[in-house]
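Colleague: I have a few questions about how the terms are applied here. Could you take me through them?

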Amino acid sequence: MNLSGARSLRARVTLLATGLVALVSLLLLWLTWNLVGDAVSAVPQLPPGTTVRVDGVDVDASAVTEHLRVYARNRVLLFGAVAFCFVVLAAGILAWTFTARVLQPLREITGTARRLSIESMGERIGEVRTKDELAELAETFDDMLDRLQAAFDAQRHFVANASHELRTPLAVIRTELDVTLADEHADEAELRRMAGVVRDATERAERLVGSLLLLARTDGAGLVAREPVDLAVIVATAWRAVRAEAERRGIRTEFATPGAATFGDPALLERIAGNLLENAVRHNVEGGWLDVVTQAGPQWSVLRVRSSGGLLDPAAVPELFEPFRRAGVARTARTGAGLGLSIVRAAVQAHGGTVSAEPVVGGGLSVTVHLPALP
């Protein structure tokens, strides 16, 4: 609402209030005029030929009633018209003043909204003088601004982290190319070593871009496909991708995966299990252990992945579901992009489920996923 709009609303409210008061005043004046006429008509009749002095005028008794009626109605009209003008004027002034006070919080809200931008999201309306619906509107508007600012801050943080993660493999590629090109005597072995480093860095950047695209697809988006899926089957499929790495590191595994049916996108559900198993293997310790459990229930199908690992602060565990957060490793580590659990959370929420994590006594992490059971 701009200034002209506020003035237009103020004028319309004032005209409406003044018109209603004028209409009621005219109705009261008309009723008074009729009541006075009826009251005068009830005056007793005097004998014929009698002269009566009314307001300094001698009037025949037969006409005194009509004379009194005309006189009373004229007085009612005179003083009623004066009272009518004062009442309407007072109503207009009161309505204009009252609407100004009522619309002041709206003008403050409008002014704040017009001044806001992405760079100045910190401004708020604050408390308004009134304690009514307008105060609730201002509070709701401030709450909305808080959520928007949090979303913008999270977006900036995410973009900054993604840029940093992408800059690392690109810097490795650039350095390797510059060093190799500067060496005039580089032989085939040196070129092959450089090519291997560039390939690894490229694969890391490719994995990061793929993870970002998958996170963008699942975060707040709907499901592309919906069909019955057995969690035990997707766990078996996901395990085949990391089994060789787990055996190479000597990780002891235990699977208790009876059938647990759910309903959703098979690709996303397989990515949930795959990310949990990849994290459990890659963030494990040499010679550690890994337990995977599926469980069917009347309302929820459960997937739980527990593994050994480093000691974790329980207060920091919820932060692992934020992008670019890793369990016990630096953000610039080469063990992953730190998007695994973020993708898990987004995919689980897209299916209407929940995911939680807690540290394991002695070191490690336990992640539990609840997905709606197949009806």
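Modeller: Happy to! This is a predicted model, where local features need pLDDT of at least 70, side-chain atom pairs count only at pLDDT 80 or more, and totals for chains, interfaces and linings use all residues. Residues are numbered from 1 along each chain as its sequence is written, and side-chain values use heavy atoms, leaving out hydrogens and water.

Colleague: Why is Leu-277 called buried?

Modeller: Its relative accessible area is 1%. Buried means under 20% (exposed is over 50%, partly exposed in between, with a 1.4 Å probe and protein chains only), so Leu-277 qualifies as buried.

Colleague: Which residues is Leu-277 in contact with, leaving aside neighbours within four places in sequence?

Modeller: Val-235, Ala-238, Trp-239, Val-242, Leu-290, Val-292 and Val-305; contact means heavy atoms within 4.5 Å.

Colleague: What makes the span of H6 close to the expected one?

Modeller: H6, residues 266-282, holds Leu-277; helices are DSSP runs of H or I with at least four residues, strands are E runs of at least two, and both are numbered from the N terminus. The expected span is 1.5 Å times one less than the number of residues. With 17 residues, H6 reaches 24 Å between its first and last C-alpha, against 24 Å expected.

Colleague: How do you know that S6 pairs with S4 and S7?

Modeller: Pairing needs at least two DSSP bridges between two strands. Five bridges join S6 to S4, in parallel, and six join S6 to S7, antiparallel, so both count as pairs.
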